Amino acid sequence: MRKRHLDILLEKVEGFKSPKPEKEQYATPATVAGELLHFAFMKGDIVDTVYDLGCGSGILAIGAKLLGAEKVIGFDDDRDALEIARANADRFGVDVEFVCSRIEEICGKAHAVVMNPPFGAQVKGSDRPFLRKALELSQVVYSIHNAGSTEFIRKFISPAVITDYKMIDFPIKRTFKFHIKNMQVINVEMYRIENK
């Protein structure tokens, strides 16, 4: 599937109804989700079992299934978000399992993890449990982080390594009361991490 076609499909995924600022529940834009998923697909990593940690409304999990992953499980600790994710999967007619679980309690094994973890803007270091858990669960991780995180990520994940990364724009629509602009574009880095 071409990236543009994937982006168009993912535009139809419904976002959060009542996003929670402390959980940094920003909807992952379809173009960003499409970029991460197409990146993973072209690397041959959307195969077998794929986990989406902190799946929110399910955009990455649904996209992984659309790209041909055999089994996809999305994990989140927010029941309201999972209800939206299930409705989104039903709308797309894809078989994705959604599990309510705190990040620390997730177990199992996947070929790859795809995720857009909290950036740590509200709660410093909130991306760390996601990175830790992703590396425990799989051989390959695709993750999005604030621009300028490369050195921190490299040290934090060692002995795992960053095999590829790219900078992309991440448009954030006005979501919370403290947002001033209708749209803010931030620079983020997208990583492919491999367990050695």
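This briefing describes the fold, the cores and several individual residues of one protein structure.

The model is a predicted one, in which local features need pLDDT of at least 70 and side-chain atom pairs count only at pLDDT 80 or more, while totals for chains, interfaces and linings use all residues. Residues are numbered from 1 along each chain as its sequence is written, and side-chain values use heavy atoms, with hydrogens and water left out. The protein has 6 helices and 7 strands, where helices (H or I, at least four residues) and strands (E, at least two) are DSSP runs numbered from the N terminus.

**Overall layout**

- Buried residues make up 52% of the 196 residues in the protein; here buried means under 20% relative accessible area, exposed means over 50%, and partly exposed lies in between, with a 1.4 Å probe and protein chains only.
- The protein exposes about 9800 Å², of which carbon and sulfur atoms supply 50%; accessible areas come from the Shrake-Rupley method with a 1.4 Å probe, and for residues only the protein chains shown count as cover.
- Among contacts (heavy atoms within 4.5 Å) between residues at least 6 apart in sequence, 73% join residues at least 24 apart.

**Nonpolar cores**

- A nonpolar core is a set of buried Ala, Val, Leu, Ile, Met, Phe, Trp, Tyr and Cys residues joined through side-chain atoms within 4.5 Å, and the largest one here has 38 residues, with Leu-10, Leu-36, Leu-37, Ile-46, Phe-98 and Val-114 having the most contacts inside it.
- The elements that give two or more residues to this core include the helices α1 (3-10), α2 (30-42), α3 (59-66) and α4 (79-92), as well as the strands β4 (110-115) and β5 (138-146), and α2 gives the most, with 7 residues.
- Val-114 touches Leu-36, Leu-37, Ile-46, Val-50, Tyr-51, Asp-52, Leu-53, Leu-60 and Tyr-142, if residues up to four places away in sequence are not counted.
- A second, separate core has 21 residues, including Ile-106, Val-113, Met-115 and Val-141.

**Strand β4 and its partners**

- In β4, 5 of the 6 residues are buried, so the strand is largely enclosed by the rest of the structure.
- Strands pair if DSSP finds at least two bridges between them; β1 (residues 49-53) runs parallel to β4 and is joined to it by 4 bridges, and Val-50 stands opposite Ala-112 in β4.
- β4 also pairs with β5, in the parallel sense and over 5 bridges, and the bridge partner of Met-115 in β5 is Ser-143.

- The buried residues of α1 are Leu-6, Asp-7, Leu-9 and Leu-10, and, seen down the helix axis, they fall within an arc of 165°, so they line one face of the helix; the arc is that of the directions from the helix axis to the C-beta atoms.
- These buried residues of α1 pack against α2, α3 and α4.
- Glu-14 lies in the loop between α1 and α2, is partly exposed with a relative accessible area of 45%, and touches Ser-57, Ile-84, Asn-88 and Arg-91, not counting residues up to four places away in sequence.
- The C-alpha atoms of Glu-14 and Gly-58 are separated by 8.8 Å, although these residues are 44 residues apart along the chain.
- Arg-91 is found in helix α4 and is partly exposed, with a relative accessible area of 49%; the C-alpha atoms of Arg-91 and Glu-14, 77 residues apart along the chain, are separated by 9.9 Å.

**Cysteines and backbone details**

- The structure holds 0 disulfides, a disulfide being a pair of cysteine sulfur atoms within 2.5 Å; for Cys-55, the nearest cysteine sulfur is that of Cys-100, 9.4 Å away.
- Cys-55 is buried, with a relative accessible area of 6%, whereas Cys-107 counts as exposed at 60% relative accessibility.
- The peptide bond from Ser-158 to Pro-159 is cis, with omega near 15°, and Pro-159 has its place in the loop between α6 (150-157) and β6.
- Asp-48, in the loop between α2 and β1, has a phi near 50°, a positive value in a residue other than glycine, and is partly exposed, with a relative accessible area of 41%.
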